[in-house]
Amino acid sequence: MNDSIIFTINSSSILLPLFLIFLIYLLVSTFFKRNYYGMGQFTLVLSFAIYLLSMLHLVIFPIEVNLGEYRNLTPWYKAANFIPILTIDVKTFVLNVIMLVPLGMYLPFLSRKIQSIKQAARLGFFVSLLFELTQLAIRILLGSGRSTDINDLIANTLGAVIGFLLIRQVLKLSLAQSVFHKFNLEKRAGINR
């Protein structure tokens, strides 16, 4: 008798509906001028949503649900890497750095409160920690999934800092400052702060 439940949850079944709901909300709120965004700001918010959903697609999906008799019997703590630096897979490390570079680049556009490298590093760390804990929860609850790795936390934090430093250097140029003003969410069209 086989009591196992095995199936796959693909990203499109969750992320596509989330994106459509967000897009409708964004269009409705802009149409009724509750949160009126100029074209640059609308583009920024939309591209940031696509970026976040892309990260979720890469980090979380597909979710292999494996419950029952043939469930992955490896204890969760054996599927997690708690040893930093010495266990780095260079290719994975570099890809994790690259994945969070855009997050660091978005930060000055999304909030004026993030002004320092420390703040960018803290946000990158917490985003990465959320991903790693989600991966761990999926492994524990659904019997299968990706491994949790401390090196991913380090790489993702480094990526957010690199992105923040890159955009800060670009924003020192006068042309970039005028473009920044059009995309900055802190100053919405028709709203003076």
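## A tour from core to surface

Start with the whole chain: of the contacts (heavy atoms within 4.5 Å) with a separation of 6 or more, 83% are between residues 24 or more positions apart. This is a predicted model, where local features need pLDDT of at least 70 and side-chain atom pairs count only at pLDDT 80 or more, while totals for chains, interfaces and linings use all residues. Residues are numbered from 1 along each chain as its sequence is written, and side-chain values use heavy atoms, with hydrogens and water left out.

Now colour by secondary structure. From the N terminus, the order is β-α-α-β-β-α-α-β-α-α.

**Into the core.** Select Y51, M55, I60, I63, L100, L103 and V127. These have the most contacts inside the largest nonpolar core, which has 30 residues. Such a core is a set of buried Ala, Val, Leu, Ile, Met, Phe, Trp, Tyr and Cys residues joined through side-chain atoms within 4.5 Å; buried means under 20% relative accessible area, exposed over 50%, and partly exposed in between (1.4 Å probe, protein chains only). At least two core residues come from each of α1, α2 (39-59), β2 (63-67), α3 (90-110), α4 (117-142), α5 (150-170) and α6 (174-183). Helix α2 gives the largest share, nine residues.

Next, centre on L100. Skipping neighbours within four places in sequence, L100 touches Y51, M55, G124, V127, N156, G159 and A160.

**The rings.** There are four aromatic pairs to look for (Phe, Tyr or Trp rings, using the six-membered ring of Trp, with centres within 6.5 Å; planes under 30 degrees apart are stacked, over 60 edge-to-face, the rest tilted). Pick F48 and Y106: their ring centres are 4.9 Å apart with planes at 65°, so this pair is edge-to-face. The pair joins helix α2 to helix α3 across 58 residues, and both partners are buried.

F125 is partly exposed at 33% relative accessibility, and F126 is partly exposed at 48%.

**Out to the surface.** Finish on F31, in helix α1 (residues 12-31). Is F31 buried or exposed? With a relative accessible area of 61%, F31 is exposed.

Definitions and conventions. Helix = DSSP H or I, 4+ residues; strand = E, 2+ residues; numbered from the N terminus.
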